Each structure stands twice: as structure tokens, then as C-alpha cells.
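Please look at the structure below before reading on.

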Number of protein chains: 2
Amino acid sequence: MPLDPQVLDYYRSHQTDFLEGLKDLLRIPSISALSEHKADVLEAANFLLSDLNAMGLEGVRLVEGSGHPLVYGEWLNAPGKPTLLIYGHYDVQPPEPLDEWVSPPFDPTVRGDNIYARGAVDDKGQTWILLKALEGHLKADGRLPINVKVLIEGEEEVDGGMIAAYVEERGKDLGADAALICDTEMFAPGLPTITTGLRGIIYSEIEVQGARTDLHSGLYGGAAPNPLQAMAEILCGLKDSEGRILVPGVYEAVAEPSDAEKEAWASLPFDEGEMLANEVGSTALTGEPGRTALERMWSRPTLEVHGIRGGFVGEGAKTVIPAKAVAKVSMRLVPDMDAAATAQALVDRVKALEPAGCRVSTRILAASAASLTPTDDPFVVKAAAALQESFGKPTVYIRSGGSIPVVGLFQRFAGIPSVLMGFGLPDDNLHAPNEKFHIPNLYAGIEAVGRYLALLGEDS
Amino acid sequence: MPLDPQVLDYYRSHQTDFLEGLKDLLRIPSISALSEHKADVLEAANFLLSDLNAMGLEGVRLVEGSGHPLVYGEWLNAPGKPTLLIYGHYDVQPPEPLDEWVSPPFDPTVRGDNIYARGAVDDKGQTWILLKALEGHLKADGRLPINVKVLIEGEEEVDGGMIAAYVEERGKDLGADAALICDTEMFAPGLPTITTGLRGIIYSEIEVQGARTDLHSGLYGGAAPNPLQAMAEILCGLKDSEGRILVPGVYEAVAEPSDAEKEAWASLPFDEGEMLANEVGSTALTGEPGRTALERMWSRPTLEVHGIRGGFVGEGAKTVIPAKAVAKVSMRLVPDMDAAATAQALVDRVKALEPAGCRVSTRILAASAASLTPTDDPFVVKAAAALQESFGKPTVYIRSGGSIPVVGLFQRFAGIPSVLMGFGLPDDNLHAPNEKFHIPNLYAGIEAVGRYLALLGEDS
């Protein structure tokens with residue numbers, strides 16, 4: 001039990017303060033995708049800046065550039081000890097559809113053991129775990145067990161341009177031995193979890209242009225091309241009705257998970273029927289034939305359409321043939337797919353599908369590869385031990401279907417592994433209405449990270 | 001030349017007043033599809049009520065009911081003369097997309113020979129022609145050459161429920177010999193035109209429900225159904241990539257146009273290349289193979305999607321799998337298709353296409369059959385003569401791909417033919433941004449309708 005009792009006492013006696021502080025952060029609508037929220041994003045950055053200063057980190061500053069700023073702070077007064085790069089993000093997804101929220105997305109509300117707000121779990125609540133774990137050591141013990149660099153970005157939900165530039169520019173000079181990221185989830189309530197694999201992502205906008213201007217479907221229906229119908233044809237040409245992606249070559253580079261990994265997944269407390277009933281609630285799970293749901297979500301590429309703009313979607317009947325339609329389409333990539341090559345294959349496929357009378361173009365908004373961290377990495381092994389001690393159960397290793405592009409950046413440019421400790425729960429409504437965070441996980445997470453820092457400081 | 005010179009003089013000396021009065025009507029955003037514009041729709045009805053009173057019609061009133069009111073007025077002081085039912089509509093389509101309008105849709109603006117505003121041609125401008133033609137006779141001559149009933153509806157762009165109930169309830173007791181409608185267009189500038197055939201319409205909303213709530217595409221992509229992708233599959237199952245409708249039975253009832261009608265169409269000043277270049281502006285015209293563009297637009301059924309709601313269409317990247325998607329889909333019907341049977345066939349087809357993991361349902365918002373008026377009807381023959389005299393060219397008979405359901409109502413319940421004199425132009429941007437009306441057609445239209453009333457009063 002390496003954690004200083006005074007630190008543990010600090011964590012336990014400050015739970016109310018931690019929750020109130022998190023609420024203040026959640027009240028800031030720091031939606032990075034929407035330019036009208038630029039000032040709010042900056043406000044969230046400054047809020048964290050104050051917090052890092054207050055706990056006693058050094059060199060605290062905003063790293064500014066063309067996008068939303070990075071928040072940086074460090075504590076490098078443990079010579080001979082490892083340096084951990086602590087990463088989180090303070091930006092959030094747009095909250096729409098607003099009318100499905102029980103309480104407003106930026107009015108954090110406690111109901112039962114949960115706190116509801118946009119960003120509660122992704123990622124303000126989990127970023128807060130990291131900061132409060134540091135605060136406990138610094139305030140109760142006057143020092144950290146190891147060296148730490150804190151780097152919090154404000155563009156995780158968009159293109160992550162600022163942190164990409166920051167990491168690419170510094171490379172090995174980033175000066176850290178590993179990164180700690182809390183932006184994933186526990187496989188099941190109470191089950192300590194480390195995520196070893198993440199899918200990459202390509203995000204695109206496909207535009208179909210038909211006529212020069214919107215036309216009346218009575219007068220021109222039967223002669224003018226309809227970009228919405230054309231978009232439907234393109235989407236059906238990108239993925240078949242069973243869930244197979246039709247972009248040529250997309251499955252060729254895919255690395256299958258090892259037999260050991262497949263066996264571990266099979267032993268997880270997971271049942272497709274329960275997932276269908278409790279999490280999804282549709283008439284059936286769907287996807288690529290011949291694969292389990294975990295395989296489809298964790299180790300297979302997927303393609304999804306997120307929205308189609310064009311024409312009339314208001315109340316009642318408008319008989320327009322829109323001049324233009326735009327679809328937002330993403331792909332998730334798995335090891336060893338090349339992000340750039342896959343993006344190009346998508347662009348080429350859409351072009352090849354160009355329907356009669358229409359012009360198509362595809363804009364790639366983001367492209368990042370998948371990542372995989374070895375489970376025998378010493379930073380992972382100690383994280384698993386810290387989690388086990390805090391939750392009283394052996395830690396499980398899973399993958400996630402989601403994407404955290406910075407993991408690939410840290411690997412590729414700084415040459416460091418990322419440890420993904422996650423404290424979200426499967427029903428936390430990530431990116432959806434009524435996003436929440438399980439408050440006991442906030443407190444247990446702070447203790448687990450506090451223990452991890454102590455463990456990392458032990459032997460080095 | 002049956003038109004009283006004093007009436008003609010009134011028309012010519014009041015052109016500025018007519019234009020200013022039309023502008024006042026166009027300023028009212030009477031969008032019948034949007035409930036938040038209910039008060040505006042009523043304001044437009046009251047505006048017309050005042051106008052009918054001011055010109056000296058009798059029995060002027062609003063016919064109220066569950067929907068937007070009808071505006072009614074009559075003048076029945078010409079015993080032994082025919083009674084003409086004069087029809088127009090004061091409601092308009094929604095103006096979106098707003099950013100494509102050069103001047104705001106409800107700030108009527110004259111540029112060159114045109115007046116730009118939502119409703120300029122459809123149908124406030126053309127309704128204004130009818131009213132000002134009556135006004136000229138009443139003000140300059142103190143009487144009308146025939147009996148007239150004016151009936152102006154406020155639901156033409158939605159379901160037309162009020163006028164349908166009104167006509168169905170009265171049947172033959174509507175007490176008119178024919179209807180005059182100005183809600184169509186001239187085949188080419190300067191070419192007087194009567195539209196003898198209109199397509200019917202089915203307007204539907206197709207809803208696809210997948211998961212219970214919006215889901216994150218990283219975490220659930222590959223397992224949860226995507227209603228937008230499912231909608232794309234349904235749309236591709238309703239119409240093939242060449243433009244053939246895939247709803248079973250849809251082509252079976254279709255009546256082909258007569259050889260005489262086909263010959264007349266072939267002699268019209270129409271060139272598909274010019275239509276492509278001047279009106280549509282896409283890379284090609286599209287539609288059912290083996291048919292000319294005029295056939296496809298006038299005498300063949302079509303199916304169009306007007307908008308797809310669901311997911312995220314804002315700025316940037318949001319990785320959501322929406323719980324639900326809704327598409328607005330219409331079909332245009334031709335003689336002798338049955339509207340109710342075709343609507344049911346559409347509903348059945350969508351159900352048969354239900355994708356895995358999703359529930360689909362189809363709501364029919366409107367269903368009306370096509371109509372065809374004989375060219376040798378005496379009311380049509382005199383209309384053609386009045387147009388020829390006003391425009392100095394022989395009148396051509398065409399069909400329109402659009403739908404004016406009231407024509408079918410007048411035929412079916414009141415047993416009267418409708419005369420469709422149209423003064424719009426092919427580039428008037430009906431239902432689209434920058435809708436306009438050619439001001440010389442406003443003035444010539446008033447004279448043509450004035451002459452038509454005089455001609456109808458001559459021999460009876």
C-alpha cells in the first residue's frame with residue numbers, strides 16, 4: 001500500500017469540493033465544433049489554467065495557435081523518477097437533440113449516484129480525476145511521487161490540430177516516458193479496466209451537387225437529378241445491407257486479434273442479448289456477418305453515416321428537389337490499416353459511385369490510425385495493480401471501438417506508450433442526450449490515479 | 001374586341017397600384033406548413049378579405065374551420081350568364097434555404113422586369129391577377145360580365161383540407177359552371193398557355209427507428225443499426241439508379257397520352273439541351289429510360305425524396321449514430337392512377353424493405369389523383385381566345401408535372417371543369433430561393449382574365 005495516508009485522507013475529505021469544482025467546469029459549454037462557442041472553449045481552458053496554478057504546478061500556461069489552446073503545466077522535481085504525461089480534454093460534443101435531455105446539458109444535475117451534463121464523462125469528469133489526483137499529493141504531501149507534465153487539449157471532439165502540431169514538433173523532446181489518459185470506460189460497473197486498443201477514424205463530408213438551384217419536384221421531377229437520392233445510392237455503394245464495407249481494399253490490411261486476446265474477450269462478462277436489450281434497444285444488433293459483436297466493435301473497420309443535409313426537413317410538406325446534399329460519413333480503422341491510404345480509397349470509391357447528372361466530392365476532415373498498447377508494458381502493469389487495489393478486483397484488458405487520435409501521436413512522434421485507465425460506464429450516454437458520470441467512479445478514479453502515481457514513484 | 005375600353009383603361013392606368021398592392025400581400029409570411037406562422041396566414045386571409053370588400057364583391061367572408069380559413073366573395077347579378085368559380089391560394093412554401101436569397105423572401109424587391117419574393121408567382125401574384133381583373137370591371141363598369149364566386153384557400157402548400165371539406169360538402173350545390181385557376185406557367189415567355197393536365201401527388205414521411213437513443217459511432221459502430229444507412233437502403237429500394245420506381249404495380253394503371261397530344265408536345269418550342277443548360281444546370285437530365293423529358297415530367301409517375309432528418313448536420317464532426325431518421329418522400333401520379341391504392345402500395349413497399357435491426361413506418365400526409373381537362377370544353381376554348389388576343393399568339397395546350405389537387409376536387413364533387421391559365425415563367429424559381437414573377441405578365445394576365453370574363457359574358 002504505497003499511497004500516503006494523508007493523501008488518501010485528502011481525497012476522501014474533499015469529495016464534495018471535487019464534485020462542486022467539476023460542476024463549475026461542466027457549466028461551460030465548451031463545444032469545440034461550433035465557432036459560436038469559441039469564447040466558451042477559451043473560458044474552459046482558463047478555468048483549468050487556474051486550477052493547475054492553484055494546486056501548485058509549475059510552468060502553467062496556455063499553448064496558443066490557430067485552434068483552441070492547449071493547457072499545460074508541469075512538476076519536474078523528482079529527479080531519477082519517471083515522467084508521466086497526463087492527458088485530458090476540456091472540449092465537448094454538441095448537445096443536440098436538446099429536447100431529449102431530462103435536465104439541460106450545461107446545467108449539471110445530480111440524480112441518484114450520477115451527475116448529468118454534456119462532458120460529464122467525456123471528458124471533463126475524467127480529466128478532473130487526473131487533476132484532483134495530482135492535487136491530493138501536492139496539497140497533502142507537498143510533492144508528487146514522480147515527474148509530471150499535464151497537457152489538456154480543447155479539440156479532441158474536432159480535428160485535434162493543436163495537439164497534433166505540438167507533439168509532432170517536439171517528438172522525443174516531449175520528454176515523457178509514458179502517457180496517462182482517462183477517456184475510456186470500464187467494461188462493467190466495478191470492473192477495473194485498461195483499454196489496450198483503440199480504433200482510428202476517418203471523418204469525411206461527401207457533397208453531391210445536382211441542379212444549379214433547388215427545383216420544384218412537380219415541375220422537374222423525372223428530369224432533374226435528385227442529390228438526396230444520389231446520396232442514398234452512394235451510401236448503399238459504401239456499405240452493403242449486411243454491414244460489409246464496399247470500399248475496395250479496406251479489409252486487406254486488417255490485423256486479426258491474437259488468439260489470446262480473443263480468448264480474453266470471450267471470458268469477459270458480455271452477452272450480446274443483454275447489450276441489445278440494455279444499451280441499444282433496437283430489434284437486433286447488426287454488422288459484418290460472421291463476427292461477434294465485440295469483434296465488430298473492437299477489431300473490425302466500420303463505416304457510418306452521421307447526418308444528411310439538404311432539402312426540407314421541417315414540419316409539413318415541401319416539394320423541393322434540393323440542388324445539393326451533404327453527408328457526414330466516418331470510418332473506424334483497426335490495426336494495421338493505413339489512415340491516409342484508407343481515406344484515399346474512400347474518396348476514390350465515392351467518385352466511382354458518382355450518380356448520373358450529379359457531381360460528387362469528398363472532403364476528409366480527419367484521419368488517424370488505430371493504436372494498440374502491449375499489456376506487458378511496465379506502465380500498464382503498474383496501472384493494472386493500482387486499479388486492482390482501488391476496486392478490489394483483477395483488472396481486465398479490453399479494446400474500444402472509439403478513437404483517441406492522440407494515442408497514435410504519442411506513439412508515433414514521441415515514442416511513448418499510452419495507458420488508458422477508464423472510469424466511464426457503458427450506459428453513460430457518451431455523445432448522446434443525458435450524458436452522465438457515475439459519481440462513485442469519480443472518487444474511486446481519483447484514488448486509483450493517486451495510487452498509480454505512488455506506485456510509479458516506488459522503484460525507480 | 002369585347003372588353004370595354006374603360007375597363008382596359010382602368011387596367012393600364014392602375015398598374016403601379018396593382019404592383020404596390022401585390023407587394024403588401026407578399027410582405028406577409030403566410031407559410032401554411034409552419035405552425036408558428038399561423039397568425040401570418042390569417043393576416044394574409046384578412047388582407048384579401050379587405051380587398052374583396054373594397055372592390056365591391058358581396059357576401060365577403062372567411063370560411064373558418066380546423067385549418068387556415070378560405071376567403072370567399074361573390075357577385076351574382078348577371079342572370080342568365082354563366083357562373084365562374086375563381087380560385088387562388090394565399091399561402092406559400094417555406095423560404096429555406098435563406099442564405100441563397102439575393103433579397104429577403106418577405107421583402108418584395110423589383111430587379112429589372114421581375115418582382116422577387118416567396119409567393120411572387122406561386123400563387124399570390126397570380127391570385128392578384130384574378131382579383132385585379134375583377135376590380136377593373138367592377139370599378140370602371142360598375143358590374144361584371146358574368147356571375148362570379150371567388151374562393152381563395154390558405155392550405156394549397158400543405159394538405160388543402162379546408163377547401164376539400166368545403167367542396168365535398170357542397171358538391172353540385174357549389175353552383176358554378178367552371179373554375180378559373182391561375183397557378184401554372186406559360187410554356188415559354190410570350191407564349192399563351194393553358195394547362196390541360198396535372199399530376200396528382202402523394203406526400204409521405206418515412207420514419208426509421210433504430211436504437212433507443214443516439215449512440216456513439218466509435219463504441220457502437222459495427223453492432224447498432226444506423227437508421228440513416230437504413231433510409232438510404234429504403235430509398236434505393238423505392239427507385240433504381242436509372243429512375244424507375246420500384247413500388248410494385250405503380251406503372252400498371254398509367255394511361256399513355258394520346259398520339260395527338262404527343263404530337264402537340266413534339267411541336268412545342270422545347271429542347272432538352274436548353275432545359276438542361278438554362279433551367280437545371282446539372283451535368284445531365286435524368287429519369288426513367290426510354291421516355292422524353294416532357295413525357296417523364298408530364299405523363300409518367302415519379303418519386304422524389306425532399307429531405308432526410310436525423311443525426312448531425314452542423315459544422316464539423318460529430319460521431320453519432322442517430323436513433324431515428326425521417327425522410328420526406330413524394331410521388332407524382334398521372335392519369336389513371338388511383339391515389340389511395342398507390343399510397344398503400346408505397347406504404348407496403350417501405351414495410352417490405354425494412355432493414356435489419358430497424359422498425360419502419362410511413363405516414364401519408366396527402367394523396368390526390370391526377371387531372372385532365374378536354375381541350376374542346378367551351379370554357380377552355382374561350383380562355384384560349386382571350387389569351388391569344390392579349391398575347392398576340394395562338395394559345396398552346398400543355399400538361400404540368402405539378403399538382404393542384406383542387407382541380408380533381410372540382411371535377412369529382414362539383415362536376416365542373418377547371419381552366420388553368422398560367423402566367424408564371426419556367427425560370428420563376430417556384431418553391432426555391434429567389435422566387436420571382438415577371439411584372440409584364442402581371443399586367444398582361446390581368447387584361448387576359450378581364451377579356452375572358454367579357455368573352456364568357458358575350459353569348460350566354
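## Strands, chains and domains

E11(B) pairs with strand E13 (residues 324-333) of chain B in the antiparallel sense, over seven bridges. Strands (E, at least two residues) and helices (H or I, at least four) are DSSP runs, numbered from the N terminus, and two strands pair if DSSP finds at least two bridges between them. Within this pairing, Gly307(B) stands opposite Lys328(B) in E13(B).

The model is predicted: local features need pLDDT of at least 70, and side-chain atom pairs count only at pLDDT 80 or more, whereas totals for chains, interfaces and linings use all residues. Residues are numbered from 1 along each chain as its sequence is written, while chains are lettered from A and ligands numbered from 1 in the order in which they are written.

In chain B, four strands form an open antiparallel sheet in the order E11-E13-E9-E14. Strand E11 (302-309) and strand E14 (359-368) of chain B stand at the edges with a single partner strand each, so one side of each has no neighbour in the sheet.

The contact between the chains takes 84 residues from chain A and 85 residues from chain B; residues are in contact if their C-beta atoms, placed from the backbone, lie within 7 Å. On the side of chain A that touches chain B, E11(A) gives the most, with seven residues.

The domain assignment of chain A, automatic or from a database, gives two domains:

| Domain of chain A | Residues |
|---|---|
| domain 1 | 5-198 + 371-458 |
| domain 2 | 200-258 + 296-368 |

Their centres, taken over C-alpha atoms, are separated by 33 Å. Nine residues of domain 1 of chain A are in contact with 10 residues of domain 2 of chain A.

Note on methods
Contact = placed C-beta atoms within 7 Å.
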